[in-house]
Amino acid sequence: MRDDGVLILGSGNSFHNLRTFFDGEAKAAAGFDAWLTDAVTKPSPEERNALLAQWSAAPFARACHPREEHLLPLMVVAGAAGADVGRRVFHDAVMGKAISGFAFG
């Protein structure tokens, strides 16, 4: 689809745990956000994809994403990106939690 000029869009953020969103604890969100930013922005797509395939072993992964469905759109977009290097295009803190968004291409 990408080769045909179709925009591939995935939604989501680096933090998605509504049970802990309001608790004030920000360490997990910051830790996973830093790991995810490093993984997505690797210059080698093979290294990026290998890290993303093992995302649940990342620091604080399950604290930020108890279930994977809110992170899966990033995996689809990263897979479709081919050799494009990812970049962080959004970063902020919401209720004290680090949240980032990424783009490829």
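Buried means under 20% relative accessible area, exposed over 50%, and partly exposed in between, with a 1.4 Å probe and protein chains only. The model is predicted: local features need pLDDT of at least 70, side-chain atom pairs count only at pLDDT 80 or more, and totals for chains, interfaces and linings use all residues. Residues are numbered from 1 along each chain as its sequence is written, and side-chain values use heavy atoms, without hydrogens and water.

Helices (H or I, at least four residues) and strands (E, at least two) are DSSP runs, numbered from the N terminus. Helix H4 spans residues 72–80, and its residues Leu74, Met75, Val77 and Ala78 are buried. They lie on the same side of H4, because they cover an arc of only 170 degrees around the axis. That arc is taken from the directions from the helix axis to the C-beta atoms. The buried residues pack against helix H1 (27–40), helix H2 (45–53) and strand E2 (97–103); contact means heavy atoms within 4.5 Å. Exposed Val76 and Gly79 sit on the face turned away from the buried side. Gly82 follows H4, with a positive phi near 60 degrees.

Most residues other than glycine have a negative phi.

| Residue | Phi | Relative accessible area |
|---|---|---|
| Phe60 | about 65 degrees | 33%, partly exposed |
| Met95 | about 55 degrees | 51%, exposed |

Phe60 is in the loop between H2 and helix H3 (61–64). Met95 is in the loop between strand E1 (87–94) and E2.
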